Amino acid sequence: MANGLLAVVTGASSGIGQQFALQLGARGYDLLLVARREDRLKALAGEIAAANDIAVETMPADLGTDEGRAALVERIRNAPSFGLLVNNAGFGASGMFHKVDLDVQDRMHRLHVLTTLALSHAALENLMARADANGRCGIINVSSVAGFEQAPTSVSYNATEAWMTSFTNGLAIELTVQQSPVKVQALCPGFTYSEFHDRMAMDRSPIPKQLWLDAGFVVAESLRGFDRGQVIVVPGWRYKIIVAFLRVTPGAVMRRISAALGRRYRRTKT
(Lines give C-alpha, C1' and ligand atoms only; values in the text may rest on other atoms or scores of the structure.)
Protein backbone atom coordinates (compact mmCIF):
# COMPACT_ATOMS: atom_id res chain seq x y z
CA MET A 1 0.00 0.00 0.00
CA ALA A 2 1.16 3.51 -0.76
CA ASN A 3 2.52 5.39 2.25
CA GLY A 4 2.09 8.86 0.73
CA LEU A 5 5.82 9.63 0.45
CA LEU A 6 7.88 10.09 -2.69
CA ALA A 7 11.30 8.44 -3.00
CA VAL A 8 13.69 9.81 -5.64
CA VAL A 9 16.25 7.27 -6.85
CA THR A 10 19.09 8.34 -9.15
CA GLY A 11 21.00 5.87 -11.29
CA ALA A 12 17.86 3.75 -11.15
CA SER A 13 18.18 1.90 -14.45
CA SER A 14 20.38 -0.96 -13.20
CA GLY A 15 22.30 -2.51 -10.32
CA ILE A 16 21.99 -0.97 -6.85
CA GLY A 17 19.72 1.81 -8.07
CA GLN A 18 17.32 -0.66 -9.66
CA GLN A 19 17.21 -2.65 -6.43
CA PHE A 20 16.45 0.50 -4.43
CA ALA A 21 13.55 1.18 -6.78
CA LEU A 22 12.19 -2.36 -6.41
CA GLN A 23 12.55 -2.52 -2.63
CA LEU A 24 11.29 1.00 -1.93
CA GLY A 25 8.32 0.35 -4.18
CA ALA A 26 7.56 -2.76 -2.14
CA ARG A 27 7.70 -0.59 0.98
CA GLY A 28 4.96 1.64 -0.43
CA TYR A 29 6.93 4.70 -1.51
CA ASP A 30 5.81 6.46 -4.65
CA LEU A 31 8.83 6.68 -6.96
CA LEU A 32 10.61 9.13 -9.19
CA LEU A 33 13.23 7.14 -11.08
CA VAL A 34 16.10 9.08 -12.65
CA ALA A 35 18.78 7.89 -15.09
CA ARG A 36 20.02 8.54 -18.61
CA ARG A 37 18.52 5.41 -20.21
CA GLU A 38 14.84 6.18 -20.74
CA ASP A 39 13.93 2.76 -22.13
CA ARG A 40 15.32 1.00 -19.06
CA LEU A 41 13.51 3.42 -16.73
CA LYS A 42 10.15 2.93 -18.43
CA ALA A 43 10.45 -0.86 -18.35
CA LEU A 44 11.36 -0.81 -14.65
CA ALA A 45 8.59 1.67 -13.82
CA GLY A 46 6.02 -0.55 -15.52
CA GLU A 47 7.22 -3.59 -13.60
CA ILE A 48 7.11 -1.84 -10.23
CA ALA A 49 3.75 -0.15 -10.81
CA ALA A 50 2.18 -3.48 -11.82
CA ALA A 51 3.36 -5.14 -8.61
CA ASN A 52 2.57 -2.37 -6.11
CA ASP A 53 -0.22 0.11 -5.35
CA ILE A 54 2.01 3.15 -5.94
CA ALA A 55 2.70 5.88 -8.47
CA VAL A 56 5.93 5.54 -10.47
CA GLU A 57 7.32 8.35 -12.60
CA THR A 58 10.46 8.44 -14.72
CA MET A 59 12.81 11.33 -15.44
CA PRO A 60 15.52 10.78 -18.06
CA ALA A 61 18.41 13.08 -17.14
CA ASP A 62 22.19 13.27 -17.17
CA LEU A 63 22.99 14.44 -13.64
CA GLY A 64 26.60 15.07 -14.61
CA THR A 65 25.41 18.17 -16.46
CA ASP A 66 24.32 21.49 -14.96
CA GLU A 67 20.99 21.26 -16.78
CA GLY A 68 20.16 17.75 -15.62
CA ARG A 69 21.17 18.52 -12.04
CA ALA A 70 19.17 21.76 -11.89
CA ALA A 71 16.02 20.11 -13.24
CA LEU A 72 16.06 17.43 -10.53
CA VAL A 73 16.93 19.95 -7.81
CA GLU A 74 13.79 21.88 -8.74
CA ARG A 75 11.64 18.73 -8.64
CA ILE A 76 12.91 17.71 -5.21
CA ARG A 77 12.71 21.17 -3.70
CA ASN A 78 9.04 21.60 -4.72
CA ALA A 79 7.65 18.06 -4.38
CA PRO A 80 4.90 18.29 -1.72
CA SER A 81 5.12 14.61 -0.74
CA PHE A 82 8.91 14.23 -0.97
CA GLY A 83 10.28 11.82 1.62
CA LEU A 84 13.49 10.08 0.57
CA LEU A 85 16.44 10.74 -1.73
CA VAL A 86 18.78 7.97 -2.87
CA ASN A 87 21.92 9.49 -4.42
CA ASN A 88 23.12 6.47 -6.37
CA ALA A 89 24.20 7.81 -9.78
CA GLY A 90 27.92 7.29 -10.29
CA PHE A 91 30.66 5.60 -12.27
CA GLY A 92 34.31 4.61 -12.04
CA ALA A 93 37.33 5.01 -14.28
CA SER A 94 40.40 2.81 -14.03
CA GLY A 95 43.92 3.95 -14.83
CA MET A 96 46.81 5.99 -13.51
CA PHE A 97 45.58 9.49 -12.69
CA HIS A 98 47.63 11.33 -15.31
CA LYS A 99 46.58 8.88 -18.03
CA VAL A 100 42.82 8.94 -17.43
CA ASP A 101 41.14 11.64 -19.52
CA LEU A 102 40.65 14.79 -17.44
CA ASP A 103 37.15 15.30 -18.81
CA VAL A 104 36.15 11.87 -17.50
CA GLN A 105 37.47 12.66 -14.03
CA ASP A 106 35.88 16.10 -14.08
CA ARG A 107 32.51 14.52 -14.86
CA MET A 108 33.04 12.00 -12.07
CA HIS A 109 33.62 14.76 -9.52
CA ARG A 110 30.59 16.68 -10.79
CA LEU A 111 28.35 13.61 -10.52
CA HIS A 112 29.61 12.24 -7.22
CA VAL A 113 30.26 15.52 -5.41
CA LEU A 114 28.35 18.45 -6.95
CA THR A 115 25.21 16.45 -7.71
CA THR A 116 25.15 14.85 -4.26
CA LEU A 117 25.67 18.31 -2.75
CA ALA A 118 22.91 19.99 -4.75
CA LEU A 119 20.31 17.23 -4.43
CA SER A 120 20.95 16.83 -0.70
CA HIS A 121 20.56 20.58 -0.20
CA ALA A 122 17.22 20.56 -2.04
CA ALA A 123 16.07 17.48 -0.10
CA LEU A 124 16.80 19.02 3.28
CA GLU A 125 15.23 22.34 2.29
CA ASN A 126 12.06 20.39 1.60
CA LEU A 127 12.18 18.00 4.55
CA MET A 128 13.35 20.17 7.44
CA ALA A 129 10.16 22.22 7.44
CA ARG A 130 7.74 19.32 7.58
CA ALA A 131 9.34 15.92 8.30
CA ASP A 132 7.49 14.00 10.99
CA ALA A 133 8.84 11.37 13.35
CA ASN A 134 7.79 8.35 11.29
CA GLY A 135 11.42 7.53 10.45
CA ARG A 136 10.84 7.23 6.71
CA CYS A 137 12.28 10.57 5.58
CA GLY A 138 15.89 11.25 4.71
CA ILE A 139 18.83 10.81 2.34
CA ILE A 140 20.83 7.72 1.41
CA ASN A 141 24.13 8.50 -0.31
CA VAL A 142 25.59 5.46 -2.06
CA SER A 143 29.31 5.71 -1.36
CA SER A 144 31.81 2.82 -1.25
CA VAL A 145 34.29 0.93 0.87
CA ALA A 146 36.79 2.56 -1.52
CA GLY A 147 36.17 5.82 0.34
CA PHE A 148 38.06 4.48 3.35
CA GLU A 149 41.31 4.06 1.40
CA GLN A 150 43.33 5.23 -1.57
CA ALA A 151 44.56 2.96 -4.32
CA PRO A 152 46.55 3.23 -7.54
CA THR A 153 44.44 3.47 -10.73
CA SER A 154 41.43 4.68 -8.70
CA VAL A 155 42.55 7.98 -7.20
CA SER A 156 39.62 10.19 -8.23
CA TYR A 157 36.97 7.56 -7.53
CA ASN A 158 38.25 6.84 -4.03
CA ALA A 159 38.54 10.54 -3.26
CA THR A 160 34.98 11.33 -4.33
CA GLU A 161 33.61 8.41 -2.31
CA ALA A 162 35.58 9.59 0.74
CA TRP A 163 34.00 13.02 0.30
CA MET A 164 30.53 11.49 0.10
CA THR A 165 30.99 9.53 3.33
CA SER A 166 32.46 12.52 5.17
CA PHE A 167 29.69 14.79 3.87
CA THR A 168 27.04 12.38 5.14
CA ASN A 169 28.68 12.20 8.56
CA GLY A 170 28.64 15.98 8.74
CA LEU A 171 24.95 16.14 7.84
CA ALA A 172 24.17 13.54 10.53
CA ILE A 173 25.87 15.71 13.15
CA GLU A 174 23.93 18.80 12.07
CA LEU A 175 20.63 16.92 12.14
CA THR A 176 21.41 15.65 15.65
CA VAL A 177 22.14 19.20 16.83
CA GLN A 178 18.79 20.31 15.40
CA GLN A 179 16.98 17.29 16.90
CA SER A 180 15.54 16.54 13.47
CA PRO A 181 13.76 13.26 12.66
CA VAL A 182 15.34 13.34 9.18
CA LYS A 183 17.86 10.52 8.68
CA VAL A 184 20.98 10.38 6.54
CA GLN A 185 23.08 7.37 5.59
CA ALA A 186 26.24 6.64 3.66
CA LEU A 187 25.93 3.18 2.13
CA CYS A 188 29.45 1.80 1.61
CA PRO A 189 29.39 -1.50 -0.29
CA GLY A 190 32.37 -3.37 -1.62
CA PHE A 191 32.50 -5.14 -4.96
CA THR A 192 28.90 -5.63 -6.11
CA TYR A 193 27.59 -7.52 -9.12
CA SER A 194 26.21 -4.83 -11.45
CA GLU A 195 26.93 -3.04 -14.70
CA PHE A 196 29.21 -0.62 -12.83
CA HIS A 197 32.30 -2.75 -13.42
CA ASP A 198 31.19 -3.78 -16.91
CA ARG A 199 31.20 -0.13 -18.00
CA MET A 200 34.79 0.09 -16.75
CA ALA A 201 35.67 -3.07 -18.71
CA MET A 202 37.02 -4.42 -15.43
CA ASP A 203 38.24 -8.00 -15.22
CA ARG A 204 36.48 -9.52 -12.19
CA SER A 205 38.70 -12.62 -12.05
CA PRO A 206 41.48 -11.23 -9.77
CA ILE A 207 38.86 -10.44 -7.09
CA PRO A 208 37.96 -13.44 -4.88
CA LYS A 209 34.37 -14.58 -5.37
CA GLN A 210 33.76 -14.26 -1.63
CA LEU A 211 34.17 -10.48 -1.93
CA TRP A 212 31.41 -10.03 -4.52
CA LEU A 213 28.03 -8.94 -3.17
CA ASP A 214 24.54 -9.22 -4.59
CA ALA A 215 22.90 -5.82 -5.26
CA GLY A 216 19.65 -6.95 -3.65
CA PHE A 217 21.51 -7.86 -0.46
CA VAL A 218 23.33 -4.51 -0.45
CA VAL A 219 20.07 -2.57 -0.67
CA ALA A 220 18.32 -4.72 1.93
CA GLU A 221 21.19 -4.03 4.34
CA SER A 222 20.96 -0.32 3.57
CA LEU A 223 17.23 -0.13 4.27
CA ARG A 224 17.58 -2.23 7.41
CA GLY A 225 20.25 0.20 8.61
CA PHE A 226 18.08 3.19 7.63
CA ASP A 227 15.24 1.83 9.78
CA ARG A 228 17.67 1.69 12.70
CA GLY A 229 19.14 5.12 12.08
CA GLN A 230 22.61 3.87 11.12
CA VAL A 231 24.68 6.62 9.50
CA ILE A 232 27.38 4.38 7.99
CA VAL A 233 26.29 1.02 6.56
CA VAL A 234 28.90 -1.46 5.30
CA PRO A 235 27.15 -4.58 3.94
CA GLY A 236 28.76 -7.98 4.54
CA TRP A 237 30.86 -9.15 7.46
CA ARG A 238 34.02 -9.40 5.37
CA TYR A 239 33.81 -5.75 4.43
CA LYS A 240 33.04 -4.74 8.01
CA ILE A 241 36.36 -6.34 9.01
CA ILE A 242 38.17 -4.67 6.10
CA VAL A 243 36.81 -1.22 7.00
CA ALA A 244 37.66 -1.70 10.67
CA PHE A 245 41.24 -2.52 9.62
CA LEU A 246 41.43 0.49 7.31
CA ARG A 247 40.23 2.84 10.03
CA VAL A 248 42.92 1.85 12.54
CA THR A 249 45.87 1.41 10.17
CA PRO A 250 48.26 4.41 10.07
CA GLY A 251 48.31 6.27 6.77
CA ALA A 252 51.95 5.54 5.99
CA VAL A 253 51.39 1.81 6.51
CA MET A 254 48.22 1.86 4.41
CA ARG A 255 49.99 3.60 1.55
CA ARG A 256 52.67 0.89 1.48
CA ILE A 257 50.04 -1.86 1.53
CA SER A 258 48.02 -0.20 -1.26
CA ALA A 259 51.12 0.27 -3.40
CA ALA A 260 52.12 -3.39 -2.94
CA LEU A 261 48.63 -4.60 -3.84
CA GLY A 262 48.60 -2.29 -6.85
CA ARG A 263 51.88 -3.69 -8.13
CA ARG A 264 50.62 -7.23 -7.62
CA TYR A 265 47.40 -6.49 -9.50
CA ARG A 266 49.29 -5.01 -12.44
CA ARG A 267 51.51 -8.11 -12.63
CA THR A 268 48.40 -10.31 -12.58
CA LYS A 269 46.90 -8.36 -15.50
CA THR A 270 50.18 -8.59 -17.42
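Predicted model: local features only at pLDDT ≥ 70, side-chain atom pairs only at ≥ 80, totals over all residues.
I'll start with the pair. Two packed helices are described by the angle between their axes and the distance between the axes. Here, helix 3 runs over residues 66-78 and helix 4 over residues 102-127; their axes make an angle of about 20 degrees and lie 8 Å apart. Angles under 35 degrees count as roughly parallel, so helix 3 is roughly parallel to helix 4. Their crossing is right-handed.

Which residues meet there? From helix 3 we have Asp66, Arg69, Leu72, Val73, Ile76, Arg77 and Asn78, and on the helix 4 side the partners include Arg110, Leu114, Ala118 and Ala122. Sorted by type, the residues of this contact are 8 nonpolar, 3 polar and 5 charged.

Next, helix 7, residues 215-228. Its 14 residues reach 20 Å from the first C-alpha to the last, close to the 20 Å expected at 1.5 Å a residue. Several of its residues are buried, among them Val218, Val219, Leu223 and Phe226. What do the buried residues of helix 7 pack against? Their neighbours are helix 1, helix 8 and strands 4, 5, 6 and 7.

Last, Ser258, which sits in helix 9, residues 251-269. Is Ser258 buried or exposed? Its relative accessibility is 9%, and buried means under 20%, so Ser258 counts as buried. Leaving out residues up to four places away in sequence, Ser258 touches Glu149, Gln150 and Pro152. Glu74, on the other hand, is 41 Å from Ser258, C-alpha to C-alpha, and 184 residues away in sequence.

Technical notes
Residues numbered from 1 in each chain as written. Heavy atoms only, no water. Axes fitted to C-alpha atoms, helices over the stretch in contact; angles between N-to-C directions. Helix = DSSP H or I, 4+ residues; strand = E, 2+ residues; numbered from the N terminus. Parallel < 35°, antiparallel > 145°, perpendicular 65-115°, else oblique. Left-handed = near helix turned anticlockwise from the far one by under 90°. Contact = heavy atoms within 4.5 Å. Nonpolar A, V, L, I, M, F, W, Y, C, P; charged D, E, K, R; others polar. Expected span 1.5 Å × (residues − 1). Buried < 20%, exposed > 50% of the residue type's maximum accessible area, 1.4 Å probe, protein only.
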